Amino acid sequence: MMIIIELQISFQEKIRYWFWGNIVRQLFLKILAHHSEELLSKLHGSYRGTLAPYAVEPIIAKNRMVITVHPNRRYTVRIKILDPSLLSQIIKALEDTPDRTYIIENIAIKIHEVTIEGIHPEKIEPPNHKIRFILISPTTFKPAGSPWLDPIPSRKHIVASLTRLWNTFIQQKYEKTHIESIANKIKITGINLRTAPPIPIGKNRKIIGTTGYILMDIQKLDKEERKLLALAQITNIGKNRTYGLGTIRITTENTQTNNHPSLSGRLIHECLISK
């Protein structure tokens, strides 16, 4: 099982910030640091072939990366925990976080509510036929064998990222030969993509990613392959998932998304289980 931690947070002053992913990441790690240095080192260090066991979903506004927050308003951020062996430790670390204030980069952030929901990826009811694969936050990839990042969300890049996540955190199931065969079954029927301005993710380090959406016809995928595609909503995809990159929504082609889409939407509602 994987879990999604939803934090309701507020700020003491008006702040304009360029992409909140790193702030949310630091907030999560600071919460854990108060509880267990050992747990923190697991999340920081090299882990299961370098795939981090969590992903972050930052404050998101439609088509905007620079977001201004206002005092006395609540905002929703999410942390997605992929490794079941870490769940009990992380849940324990979150027990005393409501009503606490943390200082991250001189920004005071108060946590009001913590909601934890469980997801069984194998029980996802996958989407059918034509879908809109939405890159909510900038997304980029590190192709196998290449020293360079690639911000192009090709079918092969998307499937390669998801098969690696499935093999690492659910079960060893997909071989390299599966990547191309699954990708070739996906028919692209439309795109609306743009390159986001460089995102700072560390000292003197920036990354370029792509946002927008891809219209896909997935009728040729079998049910298990469609479950694989739906996994993207839980895990994020591509590089720097822990900074909030690669946040994905999947809707039917004619479904509209709102400014703060919820993971408990129709496509994966049945796989959410209250803790």
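Visitor: What does the accessible surface of the chain come to, and what percentage belongs to carbon and sulfur atoms?

Guide: This is a predicted model, in which local features need pLDDT of at least 70, side-chain atom pairs count only at pLDDT 80 or more, and totals for chains, interfaces and linings use all residues. Residues are numbered from 1 along each chain as its sequence is written, and side-chain values use heavy atoms, without hydrogens and water. By the Shrake-Rupley method with a 1.4 Å probe, where for residues only the protein chains shown count as cover, the surface is about 13,100 Å², and the carbon and sulfur share is 47%.

Visitor: Is I188 buried, partly exposed or exposed?

Guide: Buried means under 20% relative accessible area, exposed over 50%, and partly exposed in between (1.4 Å probe, protein chains only). I188 has a relative accessible area of 37%, so I188 is partly exposed.

Visitor: How many of the 275 residues count as buried, as a percentage?

Guide: Nonpolar side chains tend to be buried together in soluble globular proteins. In this chain of 275 residues, the buried share is 53%.

Visitor: Which residues touch the most other members of the largest nonpolar core?

Guide: A nonpolar core is a set of buried Ala, Val, Leu, Ile, Met, Phe, Trp, Tyr and Cys residues joined through side-chain atoms within 4.5 Å. The largest has 39 residues, and those touching the most other members are I5, F11, W20 and F28.

Visitor: How many residues are in the other core, which includes I4 and F169?

Guide: This core lies apart from the largest one. I170 and A183 are also among its members, which number 35.
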